[in-house]
Amino acid sequence: FSAELLGYVSAGLTTCSFFPQVMKVWKTKSTHDISLWMYVMLTTGIFCWLVYGVALGSMPLIIANLISGLMSLMVLYFKLRYR
């Protein structure tokens, strides 16, 4: 079991964890129970991980944080739009 494989499995699981939230917000148009500041901090952290992954040349970090960042930005967009 390689560290690279573990990276891809971890990246896949954490990235896929965003799908239910994005789909729920998209369908219900409700973001009342979502913390704006939590998603601002999360999105900033994801962007930092993406930059770190690029600096290391780590594809699991790059792919996971690129996709997670986009989904986190979607939730932020919905949070601001459906206030």
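Me: Which residue caps the N-terminal end of α3?

Reply: Start with what is being looked for: a polar contact is a pair of N or O atoms within 3.5 Å, where within protein one must be able to donate a hydrogen and the other to accept it, and residues adjacent in sequence count only if both atoms are side-chain atoms. At the N-terminal end of α3 the cap is S35, with a side-chain oxygen 3.1 Å from the backbone nitrogen of M38. This is a predicted model, in which local features need pLDDT of at least 70 and side-chain atom pairs count only at pLDDT 80 or more, while totals for chains, interfaces and linings use all residues. Residues are numbered from 1 along each chain as its sequence is written, and side-chain values use heavy atoms, with hydrogens and water left out.

Me: How many helices and strands does the chain have?

Reply: Both are DSSP runs numbered from the N terminus: helices are H or I with at least four residues, strands are E with at least two. The chain has four helices and zero strands, in the order α-α-α-α. Its C-alpha trace spans about 45 × 20 × 15 Å along the principal axes.

Me: What span does α3 reach from its first C-alpha to its last?

Reply: The expected span is 1.5 Å times one less than the number of residues. Helix α3, residues 36-56, has 21 residues and reaches 30 Å, close to the 30 Å expected. Just after α3, G57 has a positive phi of about 70°.

Me: Which residues of α3 are buried?

Reply: Buried means under 20% relative accessible area, exposed means over 50%, and partly exposed is in between (1.4 Å probe, protein chains only). In α3 the buried residues are Y39, T43, I46, L50 and G53. They fall within an arc of 80° seen down the axis of α3, so they line one face of the helix; the arc is that of the directions from the helix axis to the C-beta atoms. W37, M41, A55 and L56 are exposed on the other side of α3. The cover over the buried residues of α3 includes α2 (18-28) and α4 (59-81), where contact means heavy atoms within 4.5 Å.

Me: Which residues of α2 are buried?

Reply: F18, V22 and V25 are the buried residues of α2. They cover an arc of only 70° around the axis, which puts them on the same side of α2. P20, K24 and K27 are exposed on the other side of α2. Among the elements covering the buried residues of α2 are α1, α3 and α4.

Me: What is the phi of K29?

Reply: K29 has a positive phi of about 60° although it is not a glycine. K29 sits in the loop between α2 and α3 and is partly exposed, at 39% relative accessibility.

Me: Which residues make up the largest nonpolar core?

Reply: A nonpolar core is a set of buried Ala, Val, Leu, Ile, Met, Phe, Trp, Tyr and Cys residues joined through side-chain atoms within 4.5 Å. Here the largest has 10 residues: F18, V22, V25, I34, Y39, I46, M71, V75, L76 and F78. At least two residues of this core come from each of α2, α3 and α4, and α4 gives the most, with four. Leaving aside residues up to four places away in sequence, M71 touches T15, F18, F19 and V22. Of the 83 residues of the chain, 30% count as buried.

Me: How many aromatic pairs does the whole structure have?

Reply: Rings of Phe, Tyr and Trp (its six-membered ring) pair if their centres lie within 6.5 Å; planes under 30 degrees apart count as stacked, over 60 as edge-to-face and the rest as tilted. A search of the whole structure finds three pairs. W49 and Y52 have ring centres 5.6 Å apart and planes at 75°, so this pair is edge-to-face. Both residues lie in α3, three residues apart, about one turn of the helix. W49 is partly exposed at 47%, and Y52 is partly exposed at 44%. Y77 and F78 form a tilted pair, 5.7 Å centre to centre with 55° between the planes. Y77 is partly exposed, at 47%, whereas F78 is buried, at 7%. Y77, F78 and Y82 form one aromatic cluster.
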